[in-house]
Amino acid sequence: AYILAELRREAAALSPSPRIGHYRSAGGVEVDIVIEDARGQCVAIEVKATHSLGEKHYSGLKDLQAGLGERFACGVVIYGGRERLRFGERLWAVGVG
């Protein structure tokens with residue numbers, strides 16, 4: 001909730017303001033936060049409380065990336081670990097622990 005609130009605050013200061021929402025596929029795959037700019041480019045963010053990551057933590061980002069194609073700018077998993085990891089093209093994990 002904190003990360004989303006901060007993103008909304010920062011977005012409100014921009015002109016034009018990006019749209020902030022979430023993603024849920026028909027199959028139930030989800031992404032916590034999707035930020036879309038005026039050109040249709042999207043940044044996707046997952047927030048995980050875990051200290052270690054597995055393939056399941058990336059599934060929503062990969063699903064969204066496949067659906068958006070070139071409109072998918074990047075995806076980030078923010079998690080409780082300490083490492084920064086690349087787990088695919090335009091996909092990263094950033095530890096905040």
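Buried means under 20% relative accessible area, exposed means over 50%, and partly exposed lies in between, with a 1.4 Å probe and protein chains only. By that cut-off, Y58 is buried, and so is F87.

The model is predicted: local features need pLDDT of at least 70, side-chain atom pairs count only at pLDDT 80 or more, and totals for chains, interfaces and linings use all residues. Residues are numbered from 1 along each chain as its sequence is written, and side-chain values use heavy atoms, with hydrogens and water left out.

**Sheet and helix**

Helices (H or I, at least four residues) and strands (E, at least two) are DSSP runs, numbered from the N terminus. Two strands pair if DSSP finds at least two bridges between them. Six strands make an open sheet in the order β1-β2-β3-β4-β6-β5, with mixed pairing. Its edge strands are β1 (19–24) and β5 (84–88), each pairing on one side only. From one strand to the next, the twist averages 25°. Axes are lines fitted to C-alpha atoms, for helices over the stretch in contact, and angles run from 0 to 180 degrees between N-to-C directions.

β1 and β2 (residues 30–36) run antiparallel, joined by five bridges. R19 stands opposite E36 in β2. Helix α2 packs on the sheet. It touches β1, β2, β3 (42–47), β4 (72–79), β5 and β6 (91–95). The direction of α2 makes about 175° with that of β4.

Q65 is found in helix α2 (residues 59–68). Q65 has a relative accessible area of 14%, so it is buried. Contact means heavy atoms within 4.5 Å. Leaving aside neighbours within four places in sequence, Q65 is in contact with F72, E89, R90 and L91.

**Aromatic pair**

Rings of Phe, Tyr and Trp (its six-membered ring) pair if their centres lie within 6.5 Å; planes under 30 degrees apart count as stacked, over 60 as edge-to-face and the rest as tilted. The whole structure holds one aromatic pair. Y58 and F87 form it, stacked, at 3.6 Å centre to centre and 20° between the planes. The pair links distant parts of the chain, 29 residues apart: Y58 sits in the loop between β3 and α2, F87 in strand β5.

**Cysteines**

A disulfide is a pair of cysteine sulfur atoms within 2.5 Å. The whole structure has zero disulfides. The sulfur of C42 is too far from the closest cysteine sulfur, in C74, for a bond.

| Cysteine | Relative accessibility | Closest cysteine sulfur |
|---|---|---|
| C42 | 3%, buried | C74, 10 Å |
| C74 | 18%, buried | C42, 10 Å |
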